Amino acid sequence: MDLFRQLWKRIPLIIILVATSLLFTLIGWSGRNTIYGSQSIDLKRQPYLTLFFEGLHEGVYPWGQSASTSDEEEAGELEENKAHQSVLYHIARSQMEIILRPAQEACAQLLEERERILEELENLPENAVMGSPDEIPEGVCNPVMQAEDYGVAGVGFLSPDDTEYNTDTEGIFAKTGLYYKLQAVNMDYFDDALFIGDSRTVGLCEYGGLGDNASFLARESINVYNVQDLNLKFSDPDGDSWDSTVDEILSERKFGKIYVNLGVNELGIGTTYMYYEKYRDLLTKIREYQPDAIIYIQGIMHVSKAKSESDSCRNNTVIVQRNTAISTLANGRDIFYIDMNPYVCDESGDLIADLSGDGIHLKASAYGNWDRSLMENAVVIDSNRE
């Protein structure tokens, strides 16, 4: 419905209003010395179209005999004006057609656009939904999981609550009217996927179930500030591995999906907005090299309650704010925010202690939870559709 309201606003009503005003002005000017000669108005201060409306009020019509000139003494004058009125009518009609032609063409184009959109709506994939250009519908991205605030977060690591992170209306982060909902997929969905990340992604590669399908580009202790500068370990599904940079891998190989998970090592570096800007730069670089890939922004995994209530930087208050910031970079059409925290956290938003040995990383046996979150939150886009 919002889409059709936007189309309706595009109808050039102003053209019709201007054309009508010009037509009435032309009629008034043409009849100023004839059918409207008796009108007592000041043409220096009033427009000629006033003559037309004054004439209507007095019963004088440009297309025929006036209501006040039916007596025999006026018959001669009316006969004399008949030819003039006929010329006036044809001039006005031709001018009206010329003036209204752009409006007619615009309306025709609007109707064609409407038919095209209706046809598109009828052929949409099951997981595609329409929405307003400034708000992603529910089910397209995961919501950011919240967590208990224990009041220990250092203010130097946070940004003000009213910080705006993304106001783009065009470009790769712009929202659109056609979105794709997340859905469950099989393991072979990840055959053309690349995972970029830190030590947590290293663990996903080594202990998760995706190692035989996906490729990984990861290294311990890296962060969003240096990930593009350092050599990372690249591992492919065949079991081969070597050191390479983000630029080298993205420029040499083509991927259908790219997952990014960075953030735990940056919790003690800079503010949320600084983190957001560098994350944005990385996504821009990925899109430059991989224009057709689906990009997944993975929310930073929370830490345990023991860690969150005692560490001023590595706590869930900072993590939630940073996840909220990077989630704004999702556009719902080819960049999506997914959050695995509901699969590993308790009702307070803290990482379940039994799933972690240090309160930060998952135990080897717990990586199946991460696998499951990825398989239940994926996007399938028909490659034959733009």
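**View 1. An open sheet of seven strands has mixed pairing and the order S6-S5-S4-S3-S7-S8-S9.** The model is a predicted one, in which local features need pLDDT of at least 70 and side-chain atom pairs count only at pLDDT 80 or more, while totals for chains, interfaces and linings use all residues. Residues are numbered from 1 along each chain as its sequence is written, and side-chain values use heavy atoms, with hydrogens and water left out. Strands (E, at least two residues) and helices (H or I, at least four) are DSSP runs numbered from the N terminus. Two strands pair if DSSP finds at least two bridges between them. S6 and S9 (335–338) stand at the edges with a single partner strand each, so one side of each has no neighbour in the sheet. On average, neighbouring strands are turned by 20° against each other, direction ignored.

**View 2. Strand S3 (193–197) pairs in the parallel sense with S7 and with S4.** There are five bridges between S3 and S7, and Ala 193 has Lys 257 in S7 as its bridge partner. Between S3 and S4 there are four bridges, and Ile 196 stands opposite Leu 217 in S4. Five of the five residues of S3 are buried, so the strand is largely enclosed by the rest of the structure. Buried means under 20% relative accessible area, exposed over 50%, and partly exposed in between (1.4 Å probe, protein chains only). Ala 193, Phe 195 and Gly 197 point one way from S3, and Leu 194 and Ile 196 point the other way.

**View 3. Strands S4, S5 and S6 are joined by antiparallel pairing of S5 with S4 and with S6.** S4 (residues 215–218) and S5 (residues 232–235) share three bridges, with Leu 217 opposite Phe 234 in S5. S5 and S6 (residues 241–244) share four bridges, and Phe 234 stands opposite Trp 242 in S6. The hairpin of S5 and S6 has five residues between the strands, and Gly 239 takes a positive phi near 95° there.

**View 4. Helix H5 (residues 199–207) packs on helix H10 (residues 367–375) at an angle of about 95°.** The two axes are 10 Å apart. H5 is therefore roughly perpendicular to H10, a term for angles of 65 to 115 degrees. Axes are lines fitted to C-alpha atoms, for helices over the stretch in contact, and angles run from 0 to 180 degrees between N-to-C directions. Arg 200, Thr 201, Gly 203, Leu 204 and Tyr 207 in H5 meet Tyr 367, Trp 370, Asp 371 and Leu 374 in H10. Contact means heavy atoms within 4.5 Å. Tyr 367, Asn 369, Trp 370, Asp 371, Ser 373 and Leu 374 of H10 are buried. The cover over the buried residues of H10 includes S3, H5, S7 (257–261), S8 (294–298) and S9.

**View 5. Phe 190, Phe 195 and Leu 362 have the most contacts inside the largest nonpolar core, which has 79 residues.** Such a core is a set of buried Ala, Val, Leu, Ile, Met, Phe, Trp, Tyr and Cys residues joined through side-chain atoms within 4.5 Å. Neighbours within four places in sequence aside, Phe 190 is in contact with residues including Phe 195, Tyr 259, Leu 374 and Met 375.

**View 6. Glu 252 lies in helix H6 (residues 246–252).** Glu 252 counts as exposed because its relative accessibility is 60%. Glu 252 and Tyr 289 are 37 residues apart in sequence, and their C-alpha atoms are 9.1 Å apart in space.

Technical notes
Angles under 35 degrees count as roughly parallel, over 145 as roughly antiparallel, 65 to 115 as roughly perpendicular and the rest as oblique.
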